[in-house]
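Here are a few exercises to work through with the structure open beside you. Try each task before reading its solution.

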Amino acid sequence: MSKKTDSNIYTILFAIAMVIIVGGLLAFTASALRPRIDNNERLEKQQNILYAMGVNANDESSAIFVSTDEAPELFSKYITKQLVIQGDDVTEDPEAYLIDVKKEQSSAKAGNKRRLPLFVGNKDGKTFYIAPIRGKGLWDAIWAYVAMDANMVVQGAYFDHKGETAGLGANIKQRYFMDDFIGENLMSNGSFKGITVAKGNNDPKNLEKNDNEVDAIAGATITGDGVSAMIKSELRQYVSYFKTLK
Amino acid sequence: MGLLSKKDAALIKDPLADNNPITIQVLGICSALAITAELEAAIVMSISVLFVLGIGNVVISLMRNIIPSKIRIIVQLIVVAALVIIVDQVLKAFAYELSKTLSVFVGLIITNCIIMGRFEAFALGNGPWRSFLDGIGNSLGYGVILIIVAFFRELLGAGTLLGFKVLGDPIEKTGVYAFGYENNGFMLLAPMALIVVGIIIWVQRSRNEALIED
């Protein structure tokens, strides 16, 4: 028995029709929703930056952003300057927070001079310098917003990831991991050392703030190594700017 | 079950026990490993699969008479991928917070063999209503195993359930930790998911010998 759906002509026509319909549908959804998604992403960046400098709605144990309605207003209130650092040139750019760190990294690889965004925030008379950084975890991209003072001592951090293992690497965005970074010094004896996510560092409560180490998450070794590497390679590039602050 | 005939009710009930997609059909093992380190992720994944498999089964079943058999697997893959991507985009636009929680699961759902398995084994040969019930039944059966595995892994591995420290604080040495109990970090690693699934299979087959294959 041969059905009409078995013929080659039918199969090819079906495949063509399917590709056109599904492709069109996906393209239509993507472009129709693009403005809303872009806006959501912009608000998220503002929320992330504010979170790192301590402007958030945290309760006792979970990380909670300021609401999306308030974010733009709080962002312009607390972020006093947005800088773009390119070698020795430092320029102000009110849209610096929209710089795509991923694109900058690949353009730097291609030999261009990288544009490094840095956000200067002021809260209760204290100045924060917040840098967006990006690296690789176990499965996919990880990124962070790190708030520092003028001496490169971490004042707050927000980590996020694209697809780390739920329950293991994904926990870099949990408070117990992020909060450990607060107070850690990125410098050691005047030179940049970074912060290592260390296993068995005998300091699980993270009382020691000058050891350039925080406690690792069990079962998330590669994600943790990715965090260490990201901090080292990315924040190092800001060192020369911080030296000019003194 | 006044609503469903006996045969239809079996579509829901069988996958929960004697025809469970994970322990009997051995489908969906990859995601059972990947996301059972904590209970919350397992629950989110179960609910997502419930939606995708329920709707996907209906769509495939409606298309079953026009799908050319030579390229049916590709067609199934496209249907499920398109479905998941559209839902993901809509969530990103209208429920951004929720979409961030779910985005990790998108890839896992598209490649979940339970979904392809049920399309192929059931929806291609049955009507939409029965396919819908089959989808619901199988995703419930999948969810039950996922949640059982995640319950033990999170409890024994991290000493928490849904993030709450039910056994006390391991660093402050309160609760059971005061008596020298330690979390078993090995439970958080993927091999232990296989071993827990193995134990469930063992228990299930020793209670119902009809399931044992020669």
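Predicted model: local features only at pLDDT ≥ 70, side-chain atom pairs only at ≥ 80, totals over all residues.

Residues are numbered from 1 along each chain as its sequence is written, while chains are lettered from A and ligands numbered from 1 in the order in which they are written.

**Exercise 1.** Find how many helices and strands chain A has.

Solution. Start with the DSSP runs, numbered from the N terminus: helices are H or I with at least four residues, strands are E with at least two. Chain A comes out with six helices and ten strands. Next, look at its extent: the C-alpha trace spans about 80 × 40 × 40 Å along the principal axes.

**Exercise 2.** Work out which strands of chain A pair with strand 3 of chain A.

Solution. Strands pair if DSSP finds at least two bridges between them. First take strand 1 (residues 79-86) of chain A: six bridges link it to strand 3 (residues 116-123) of chain A, antiparallel. Here A:Lys81 sits opposite A:Val120. Then go to strand 4 (residues 126-136) of chain A, which is antiparallel to strand 3 of chain A over five bridges; A:Asn122 faces A:Thr127 there. In that hairpin, with two residues between the strands, A:Asp124 has a positive phi near 50 degrees.
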